[in-house]
Amino acid sequence: MSLKKVSFKVKEGGSVNEGFLMTRERGRKTKEVIWAKISELSPNTILEMDFSNIKFMDVSGADEAVVKIAARLEAGECPDRFIVLSHVDLQHKENIETALKVNKKAVIVKEDGSWYIWGDLISSYKEIIHKITEKGSMTAREIQEEMNYKTVNEASTKLGLLYKKCLIAREPYREAVVGGGRQFRYISLI
Amino acid sequence: MSEEYKITTDKRILDDKIFDTDILGQYDYIYDEAFPFLNSKGRLDLRNIKFINPYGALGILILCEAILDSFGEKADLLLPGSSDESEVTSWMGSLGFLNMLQGVANVIGVSPPLYNFNGPSYIPVSKIDNLEDVENVVVELFSKVRPILINKLNYKEEESYRAATLIAELCQNICQHSALEGEKPHGYIVMQAYKSSLKLAVMDLGKGIPKTVKSKYKLYEKRDDGDIICCACKKGILCEDHFSLGLYRTLEIIKGGRGILNIRSGNAKMLFDYHNKNSVGNKKIPTPFFLGTQIGIYLPRKEQKRGGLEDEFEEGIF
């Protein structure tokens with residue numbers, strides 16, 4: 001299965017000078033527009049949020065437009081929809097990262113051919129995302145072997161959590177395992 | 001009855017030999033010393049002033065506003081110097097203070113020729129009473145403060161973004177937290193850069209930090225104003241969603257840059273000094289009641305160990 005990607009230029013709501021995503025009120029308006037877009041997406045689609053129109057963003061703006069969206073996705077309000085940020089500069093980074101860390105959330109960011117994980121995520125989970133991105137997709141068993149976990153369960157639990165956080169996608173149906181049983185295949189958002 | 005108060009430079013500055021700290025406090029001097037003398041309309045005589053910096057000038061502006069608010073009449077303000085020879089007046093004019101003062105005081109004195117001070121080292125005094133004003137200040141902060149931080153004060157690019165963003169947030173606080181009931185919020189910002197430091201003042205005549213915090217949390221009702229200012233500098237105190245980080249992050253920047261942050265509001269002034277070796281730490285200074293909030297920021301060049309008086313005069317503050 002391949003994930004569908006939809007690009008979306010984030011535009012702030014309510015400012016006089018264009019490109020100022022600041023204050024909670026404007027952040028909320030921006031969030032509503034983004035959320036409406038996410039609601040239109042079909043399952044297994046990534047919304048690539050392009051911030052090139054945003055000249056200035058404060059923490060409240062970042063909290064509403066990025067963190068609250070990530071939180072709603074994590075809460076399962078729109079299952080199997082994902083976000084990836086792009087065209088973010090250092091000014092955006094400063095405030096998005098602060099807002100993510102305060103709320104213990106994480107997002108994936110694409111930048112000039114590279115990608116990063118911003119926010120609050122422990123390193124072993126980050127490592128799993130890196131492995132999956134390297135290979136394109138992986139199962140719990142493959143992760144267990146790759147990361148030398150003692151049990152498949154351990155890998156499975158971690159993958160489940162990353163999927164819940166919308167940092168990886170997964171095939172809708174479990175694939176059969178040789179020797180019996182079924183397992184999910186997890187897919188990178190990059 | 002009208003009284004005259006002659007403002008002179010603050011003797012405490014030179015006595016204490018901690019010029020940078022007291023420059024931040026110069027506003028306090030003007031306000032505390034002059035305001036009680038002005039029982040009515042009043043008359044402020046600046047003719048002896050030979051030196052003034054952004055904090056002092058903003059202090060005079062706020063003092064004139066307070067007089068107008070309290071007595072319903074504009075104070076008479078005698079400008080420094082007698083004629084176009086006054087460089088102090090020129091400086092005040094060029095940074096926009098004279099224009100602002102016209103609205104809140106009867107300015108008496110000859111308008112001097114203006115030098116072009118609206119260069120890359122200055123943000124002229126700017127009034128902030130809505131988010132559009134904050135947006136305009138943000139544009140100035142990004143075009144002026146960031147290059148100063150990077151090129152003159154050795155800040156990394158990301159640190160410069162952080163600092164400019166935080167200053168913008170302090171300006172936003174004026175619009176979001178300072179308004180008195182039924183009144184429009186308003187405040188001012190001014191910035192001046194020197195060879196090896198940057199000074200910035202943000203002030204408003206609003207509710208003030210202690211009153212804002214006390215109205216939100218009963219827990220703080222009996223705490224003194226200095227403690228409340230300290231608490232406001234911790235994560236998440238001021239906002240309804242416990243997300244307020246502005247003052248906390250500002251303090252982090254000041255620590256990282258070994259600078260000074262001065263916050264005055266209510267009956268206290270907190271001085272967070274990470275610059276002067278002999279006085280590093282937080283100091284709570286009880287002060288007469290101040291209507292709103294005054295925030296002074298001093299950021300030195302990063303590798304600089306000493307700054308202060310020499311720096312001010314070397315740069316030619318006039």
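**Exercise 1.** Work out whether A:Val84 is buried or exposed.

*Solution.* Start with the cut-offs: with C-beta atoms placed from the backbone, a residue is buried if 20 or more other C-beta atoms lie within 10 Å of its own, exposed if 12 or fewer, and partly exposed in between. Now count: A:Val84 has 20 C-beta neighbours inside 10 Å, so it counts as buried.

Before we go on, a word on the model: it's predicted, so local features need pLDDT of at least 70 and side-chain atom pairs pLDDT 80 or more, while totals for chains, interfaces and linings use all residues. Residues are numbered from 1 along each chain as its sequence is written, and chains are lettered from A and ligands numbered from 1 in the order written.

**Exercise 2.** Find where A:Val84 sits and which residues it is in contact with, leaving aside neighbours within four places in sequence.

*Solution.* First, the place: A:Val84 belongs to strand E5 (residues 81–86) of chain A. (Strands, E, at least two residues, and helices, H or I, at least four, are DSSP runs numbered from the N terminus.) Next, the contacts, meaning C-beta atoms, placed from the backbone, within 7 Å: they are A:Ile46, A:Glu48, A:Ile108, A:Lys110 and A:Leu189.

**Exercise 3.** Describe the sheet that holds E12 of chain A.

*Solution.* Strands pair if DSSP finds at least two bridges between them. Here 3 strands make an open, antiparallel sheet, in the order E8-E12-E9. Its edge strands, each pairing on one side only, are E8 (137–139) and E9 (169–170) of chain A. Zoom in on E9(A): 2 bridges join it to E12 (residues 185–187), and A:Arg170 stands opposite A:Tyr186.

Definitions and conventions
Two residues are in contact if their C-beta atoms, placed from the backbone, lie within 7 Å.
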